[in-house]
Amino acid sequence: MDNPILELDEVVGGYGRITILHGTSFRVRRGAIITIIGPNGAGKSTVFKAIFGLLNLSSGTIRFNGTDITGWSPRRLLEAGIVYVPQGRNIFPELSVRHNLEFGAVAAGPDITDMPARIEAALDRFPSLRQKADQQASTLSGGQQKQLEIMRGLLLDPKLILIDEPSIGLSPLLVQETFGILTDLRNRGVTILMVEQNARSALEMSDEGLVLELGRTRMQGPAREILHDPRVAQLFLGGAMAEVE
Amino acid sequence: MAEFIAYLIAGLATGAIYALAAIGFTLVWQTSQTINFAQGEFVMLPAILILAMVGFLGAPFWLATVLGIALFVLLFGWGFKIVIVDPMIRHGVLPLAIATMALAIIMKEGAKDGFSAEAQNFPSFLPVQTISLGGVSISLQHIAIILVACAAIGGLQWFVTRTKTGRQMQAAAQNPNVALVLGIPVARMVMLTFLINAGLAALASVLISPIYLAKFSNGEVIGLFAFIAAIVGGFNQVRGALAGGLIVGVIDSLAAAYISTSYRLAVPLVLLVIIILVKPEGLFGRKEERRV
C-alpha cells in the first residue's frame, strides 16, 4: 500500500498488567472506510485508545502521514487532524446543543478564524439540531446525539476519523442515516476507521475490512472479500453469517 | 416580628458563608470526587494567616490580606491537590476522605500551636454599624456579607456557564474521558476548581472572622454546616449548595433564638436526616448513578 494515512507497527499495550494488543500491525489506506471486526476481547476499541494516546504502550510505533505519533496527547492528535468518537453517548447532557458543538473547536489553532461560521454550517446541515441548538443536549434523541458527536468531530476538518460502534443503540433507520454521513465524508476525502459490532452492515458500506483477534491482525482486505470469507463468518460473525455461507 | 427579621438576616448572612464553603465542597467533589472534610478549616485558616502576616511581618492589614489569601490559595488550592488529592485518589474516595480528616486536625492544631489558642479580633472591610429600619435593627455587616457572598457566587455562576473556560470546567466534571478526547485540558480544569475552592474559602474567612473572631476551632461548625448545606441543596449543583447554605444558616439562627442555644447544632442535623430519608439527591440535586 503506497502512502498510507495511518500505520501501526508491532504495537503492544494494555491496561495495567493485562496486555490486550500483542503486536498489532496494519496500514490504513487514505480516503477509504475501513471497518475493524473481531470477537469480544480482540482489542478493537483498545486499538483506538492506543492510536489516540489514551493507552500506555510498551512497544511499537504508530505513524500518521509518515510522522511518528506514538504517545502524542489527544490535543496534539486533534491538531494533527485525527478525531476520535468513542463508543456510547459522548455528549454533555446538561449543556446546550450549541455549546456541545463548540467543544469540537477546543483544539483549534489560532490560524482557524472561521469557527463561528463552521458551527453555523454544521447546524445548517442538520435542521433537527438547529431547532434544538439552545436546548439541553439531553433533549436530543439517540440518533441526533450521534449526529451531534460526528458534527462536533468535523469542526476541525479532520483527515482521519476513528469511530467506535456508531450504530450502538440506534434504530436500523438511524444506523443507515449514520452510515450515510460516514460515506459522504469518505467521498469528500476523509479517511474513516471504524469498529462495529454490526459487522455485516458496516462491511457492506466499507472499502476494506480488518479482522482482529487476540490483539493481532489476522486478515485485511477488500470489505466484500472479508464479508464473504467463510473463515471470518465462522470465527467472528456468529451462526447467522455461517448459515448464509 | 422585628426580632424575627433581625434573626432572619443574621441567618442569611451566616448562611451565605456556609454557601461559599458548600459550593467549594461541591466543585471539588464534581471534578475529582474529593470529599474535603477539612473544608471548615479551609475557612478558618486564611484569617489566621492574615493576622500572622500582620503580627510577624508587620505588614499593613490590606497587604497582609492580599498576601495571606494568595499564600492560602497556593498552599491549599494548588498544594492540596498536588500533595494530598493526586496521590490519595488513586486508592479511592475513602482513603482520600480520611486524609482530609487528618489534614483538618493538622490545620486546626497547627493554627493553635503556631499562632494562638485564643480568639483574635479580625478587622472588617465592611461597615459594622447597625441601622434601624421600621423598628427593626439591621446589621449593615450582615447585609454586606450577604451582598458580597451573593456577588461572588453570581460571578462564579456566570464564569461557569457563560465563558468557554467555565463550560470546559463543566465538561471536565461531567465526563472527563470525553472531555479529554475533545482536547479539553482536563487536569488544568480540575486544578482550577481547587483554586476556586480555596479562593471561596478565603473570601468566606475574611467575611466571617470579624463576627466569629479568628480562632483555630472555627472550622468545626462551619465545616459541618457546609457539608450539611451541600447535601441538603444537592451535592452536584452550585445553586443547590447556595440554597442549602442559606437554609441551614437561617434554621441555625432561628433555632438558636426560638428553640435552644444548647441544641442549635442539632437542628440542621435533623434537617439533614430528613433530607436523606425523603430526597437523598438534595432539594436541587439530580439523581446520579455510579458503578462501583
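Predicted model: local features only at pLDDT ≥ 70, side-chain atom pairs only at ≥ 80, totals over all residues.
Let's start where the chains meet. Chain B puts 17 residues into the contact, and chain A puts in 19. Together they bury about 1,500 Å², with carbon and sulfur atoms giving 66% of that. Three residues of chain B, namely B:Arg167, B:Val181 and B:Leu182, supply 41% of the area that chain B buries against chain A, more than any other three.

What about charges and polar pairs? The count of salt bridges between chain B and chain A is 1. In that kind of pairing, the side chains of B:Arg167 and A:Glu102 meet at 3.3 Å, N to O. The rule also finds 3 residue pairs in polar contact across the interface. On the chain B side, α6 (164-174) and α7 (176-181) are the elements that give two or more residues, and α6(B) gives the most, with 5.

Now, over to α8 of chain B, residues 186-212. Its 27 residues should span 39 Å at 1.5 Å a residue, and the end C-alpha atoms sit 38 Å apart, so that agrees. There is a kink of about 30 degrees at B:Val206, shortly before B:Pro210.

Last stop, chain A. A:Arg224 is in helix α9, residues 223-228. At 62% relative accessible area, over the 50% cut-off, A:Arg224 counts as exposed. A:Ser206 is 18 residues away from A:Arg224 in sequence, and 8.4 Å away C-alpha to C-alpha.

Notes. Residues numbered from 1 in each chain as written. Chains lettered and ligands numbered in written order. Heavy atoms only, no water. Helix = DSSP H or I, 4+ residues; strand = E, 2+ residues; numbered from the N terminus. Expected span 1.5 Å × (residues − 1). Bend = angle between axes of the 7 residues up to and from the residue. Buried < 20%, exposed > 50% of the residue type's maximum accessible area, 1.4 Å probe, protein only. Contact = heavy atoms within 4.5 Å. Buried area = accessible area lost by both parts, 1.4 Å probe. Salt bridge = Lys/Arg side-chain N within 4 Å of Asp/Glu carboxyl O. Polar contact = N/O pair within 3.5 Å; in protein donor to acceptor, adjacent residues only side chain to side chain.
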